[in-house]
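Keep the sequence and the 3D view side by side as you read.

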Amino acid sequence: VAPLFISVYLILCLRLCLCSLCASSRSGNLIFKKKMFISGIQMVLISGGEFLMGTDDPGIPADGEGPQRPVYVDSFYMDVQEVTNQQFQSFVRASGYVTEAEKFGDSFVFEGLLSESVKNEITQAVAAAPWWLPVKGANWRQPDGPDSNITDRLDHPVLHVSWADAVAYCSWFNKRLPTEAEWEYACRGGLKDRLYPWGNKLNPKGQHYANLWQGDFPNSNSGEDGYIKTSPVMSFRANGFGLYDMVGNAWEWTSDWWTVHHTTEKQQNPTGPPSGTDKVKKGGSYMCHKSYCYRYRCAARSQNTPDSSASNLGFRCVSQERW
């Protein structure tokens, strides 16, 4: 009798464990599906391959754009667009996340976006770039200062997100930020040694391919491309990989620490230095003009401290798994 009792007991325990695992699996799937619904971002497969990273003809040599070097990256999935205000808002509502700009109480805003009443309350600026002003109450919800909101730009890229904020968002969806190599490989869209995601001409046949500054920076933006600040994501045509706004609109964080020293030897899936003080950002923004910020090229790059946030800085995510 005892062996029979033990056998029945073990079978019952096994069934209970299996039921528990099934329930846990169903719960996990439901959570994952809920997060997919909240994200609302389509991802595209970027098939791995080798490309020439950087350039031997740098537009801004001090940024470490060169030397040009062979790099191989494995396949990955990338958001076809920059994360929008609406998508970030959904993430915040579901997770309760609070951005660093909200915690700090201020963020940097381009002077040309501010109302006179807000500007009159500011007494300091960035010495090297006086058009950047620290604005109390500026954050992703109030991108142009405390008297602004995102009601009419839910489909625009979310701004005023620090590197840590971007990592938190991507991680919540089981994604991550792209490495600089992945980002640049994706930006080039299969083209070899070209300036922009679409080729070497900024405005082929007079057409605008990105949201950039036209006119006299920082005094006047003619808005010839249809916008004087951010534009709805996917407003311009995609590159060869089906990715939108890889240059212009908003800067995008990457996972790499900043360095201006690069090897000429072939690398596979480089991730940048193991540590540093600044993080790499790529792509330029609606504020970029050749006279000052000629960084709307795939090889171009810049940096910010991880806790920085501003009215032209956003991000997109990547993943090794299909969404």
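How many salt bridges does a search of the whole structure find? The search finds 15. A salt bridge here is a side-chain nitrogen of Lys or Arg within 4 Å of a carboxyl oxygen of Asp or Glu. This is a predicted model, in which local features need pLDDT of at least 70, side-chain atom pairs count only at pLDDT 80 or more, and totals for chains, interfaces and linings use all residues. Residues are numbered from 1 along each chain as its sequence is written, and side-chain values use heavy atoms, leaving out hydrogens and water.

Start with Lys266 and Glu50. Their closest N and O atoms are 2.8 Å apart. Lys266 sits in the loop between β9 (251–257) and β10 (267–268), and Glu50 in strand β2 (residues 49–53), 216 residues apart. Strands are DSSP runs (E, at least two residues), numbered from the N terminus. Lys266 counts as exposed because its relative accessibility is 54%. Glu50, at 47%, counts as partly exposed. The cut-offs are under 20% relative accessible area for buried, over 50% for exposed, and partly exposed in between (1.4 Å probe, protein chains only).

Next, look at Asp63 and Arg295. Their salt bridge spans 2.6 Å, N to O. Asp63 lies in the loop between β2 and β3 (69–73) and Arg295 in the loop between β11 (279–282) and β12 (302–304), so the pair ties together parts 232 residues apart in sequence. Both residues, Asp63 and Arg295, are buried.

Now find Arg316 and Glu252, which meet at 2.8 Å, N to O. Arg316 is in the loop between β13 (313–314) and β14 (318–319), while Glu252 is in strand β9, 64 residues apart. Arg316 is buried, at 0% relative accessible area. Glu252 is buried too, also at 0%.

Finally, salt bridges with shared partners join Glu180, Glu184, Arg188, Lys282 and Arg301 into one network.

How values were computed: Helix = DSSP H or I, 4+ residues; strand = E, 2+ residues; numbered from the N terminus.
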